[in-house]
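Here are some notes for a colleague opening this entry for the first time. Please read them with the model on screen.

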Amino acid sequence: MNFNKSNRFVMTMTLAALTVLCINPLSAQTAWPKKGSSVQLWIGYAAGSGTDAGARLMAAGLEKELGVTIVPMNKPGASSQIMYTALAGAKGDGYVFGTINFPSAIISYIDPDRKAVYTKKNFSLLALHIIDPGIIAVLPDSPYKTLGDLIAAAKANPKTVTITTSGIQSDEHFALLQLEEMTGAKFAFVHFSTGAASAMAPFMGGKIDAYTGNVADVLAQHKAGQVRILGVMDSERTRFYPDVPTFEEQGFKLYNSANRGFAVPAGTPKAIVNKLSAAMKKVMDSPEHQKLVEDMGLTLRYLSPEQYSKFWDEYADNVKRLLPLSKE
Amino acid sequence: MNAFSNLMMGFSVALAPANLLLAFLGSAIGTLIGVLPGIGPSAGAALLIPLTFTMEPTGAIIMLTALFYGTQYGGTITSVLLNVPGEAASAITCLDGHAMAKQGRAGTALSLAAIGSFMGGLFATLCLVVAAIPLTKMALQFGPVESFALLTVGLSLMMGLAGKSIIKALMMGVLGLLLAMVGLDPVRGMPRFTFDRLELMDGIGFIPIIMGIFGLAEVLSNAEDGFGTMKLAKMSSLFPTKQDLKDSVGPIARGSLIGTGLGLIPGMTGSAASFLSYIAEKKASRTPEKFGTGMVQGVVGPETANNAHANGALIPLFTLGIPSSPTVAVIMGAFMMHGLIPGPFLFQEHPDIAWGVIASFVIGNLMLLILNLPLIGIWVKILKIPYGLLFAIILAFMIIGSYSVNNSVFEIGIMVVFGIVSYFLRKMDFPMAPLVLTLILGPQMERSLRQSLEISQGSFAIFIETPLSAVLFAIAAVILIAPAFKSLRKGKNSISGEST
């Protein structure tokens, strides 16, 4: 009985695999999307990650909007580089699109150590979806009351103020490097390569002076009054902490966020790109999508393919300049 | 007393029929995910989240948390029966669990594991109700420096896993540490030993390795004897004897403490908890040499510990809103998608949800116990399948399992290579447990060491200047030196024994 069960399971899995392989129609440019067709969404991070959660919400919305089946597939590994490599080599027929994260998409081809086989040219951007601005926080009893205090201390005694990042070359790391470049301060970085969440406990335990993360990382702690957020790295205050000033308000023109969008392989017909992008915009305008994303502490920010591409170039310039510093 | 009345209120929420049903569903799906190798609790929970959007938040979270600790029950089943760990935290159970199965005591192993898991989960939940705040404060004492010291204690216990030869155990331990070095350097960002394979950038996958080491190697050595039925003793009763239960009391107590404690400390995984509990049992035993040959303690201890860890890891989530493991992060995501922020405020703003979910832990664990005990009779029938057929099923099972970790064929290759290599290593009497232990502890150890040195700007003095870490290092030193004195004393005794 159990043998039959397992056997059936193997058969089902094989059938499922075959179905996935066969479903992609070969010529589809004419009327995209074909009725009843399925579109694959490749996700560069594991199931359960922030990127995964956002992408799956988008997939659900697009299904309604386009009347197709969206099949989310996780292709995690090497900070999404495995998925970018696959996406760059995929067929640009509109039946595959993937997640794009900054800075991982950009660093992977700018940093020669990462040996990426693609550049920006291999992708055609669809839309920016979610941003999560950077923040710096300290404990409530910390001597640093403002961003200015923290920076002054890191300037007066270089490399004594410890501060977390969510890993080398993460958005937090680049933001801090830019802040150092701007102010002449020198922090002692403590890299938590397994992510901002793993830095939270040592920070809350008072082992590290300051915490760099994103808005969504400290919702609970802020609400309970367990942290003091010194500033938000965005051009406007975040609706989640209306009382917290931006960096700009405090005289530091620093804007940084973890941000996620979508792209198709280069060579995908322009009509399909525009149609997908417009459908994404519609999903992002729907109240139910907005509620789900905002409950996670994230901010929706749509950028059209052209705006997104310009954003990429600006980000890449920053990364190119700061990359040598990140390896010091 | 206040906590008690809150808990009673929680029970009234958790016992609502709909929530009971969801706790049951979560437990059952969790058991299934535990049985299927490859799909871990975090992927399982993540895939289920979209289904919960239309549910009440309380019910949704009850289901997802039940799934999380349910996997710890399920993972044991394949470890014991097939020597294939269904889940990373159940890997160590293979050693004695599968040996028990070969002696015809698979039923006993599984029922004791289920009882241990239940007790462990119950203990951790009690800790959450009674002492969540002080326990969290204690756990916050563990920064990178203290974590490194604690992991050093764990590593010094590696000797406890040595078989006949200490040298061979050390060699395997070092090999494990070397394998743990593969991947992107956590501080410099340089790829190490990756041979330009992107798949190795994040390190070698742990699940494929243990599936190869335990599962494939076992299949290969069984295949040596031809494809008849597995050589099994006659199946004895499914239920543990009085002696078995007596033997389980100590392991359950120690496993509960170790599991809950490590669950509180961020970065410590369920597999670390089960491994350290196994070593603790071996140390506590009067017959440590019998471990690996089907000792009840070697099954109950780790299984108690991994479930205590699963429930204990939820404590920092409730007290501080800190997810201490990837799976807990997924559960935290589920809270947030339902508009709830886990953390101290949850108890004030939504006491019904917070206490309802906590009460559901007790109910869910009880359900898992009830669900698992009768099923054992069915599970052990797997062993009656002729080995030639079972061999093929296990192989297919492991291939699908390795693939499904990252949806990547590369992981299947890893599983096969490690299976073949460890088949030969086993022939040469190299113990596999030290390798797995260092593979578990290695990455976290490296990260905390380098974080500590980033805090101190390169000075090793930080490990002695931090009181807690100094104490832990002293303990590690005693553990390493003690056996030398012991053998010295034994030597004297035997001499005096001869002279009289």
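1. The model is predicted. Please keep this in mind when reading the counts below.

2. Chain A is assigned two domains. Domain 1 is made of two segments, 36-132 and 257-326, while domain 2 covers 133-250. Taken over C-alpha atoms, the centres of domain 1 and domain 2 of chain A are 26 Å apart.

3. Where the two domains of chain A touch, domain 1 contributes 16 residues and domain 2 contributes 17. On the domain 1 side, the elements of chain A that supply two or more residues are β4 (123-138), β9 (257-265) and α11 (305-326). With five residues, α11(A) gives the most to this side.

4. What classes of residue make up the side of domain 1 of chain A that touches domain 2 of chain A? There are 10 nonpolar residues, five polar residues and one charged residue on that side.

5. Turning to the two chains, 53 residues of chain A and 55 residues of chain B take part in their contact. On the chain B side, two or more residues come from each of α3 (41-48), α13 (315-320), α14 (326-337), α15 (344-349), α17 (387-406) and α19 (433-455) of chain B.

6. Which element gives the most to the side of chain B that touches chain A? That element is α14(B), with six residues. By class, this side of chain B has 34 nonpolar, 14 polar and seven charged residues.

Methods. Residues are numbered from 1 along each chain as its sequence is written. Chains are lettered from A and ligands numbered from 1 in the order in which they are written. This is a predicted model: local features need pLDDT of at least 70, side-chain atom pairs count only at pLDDT 80 or more; totals for chains, interfaces and linings use all residues. Domain bounds come from an automatic or database domain assignment. Two residues are in contact if their C-beta atoms, placed from the backbone, lie within 7 Å. Helices (H or I, at least four residues) and strands (E, at least two) are DSSP runs, numbered from the N terminus. Ala, Val, Leu, Ile, Met, Phe, Trp, Tyr, Cys and Pro count as nonpolar, Asp, Glu, Lys and Arg as charged, and the others, Gly among them, as polar.
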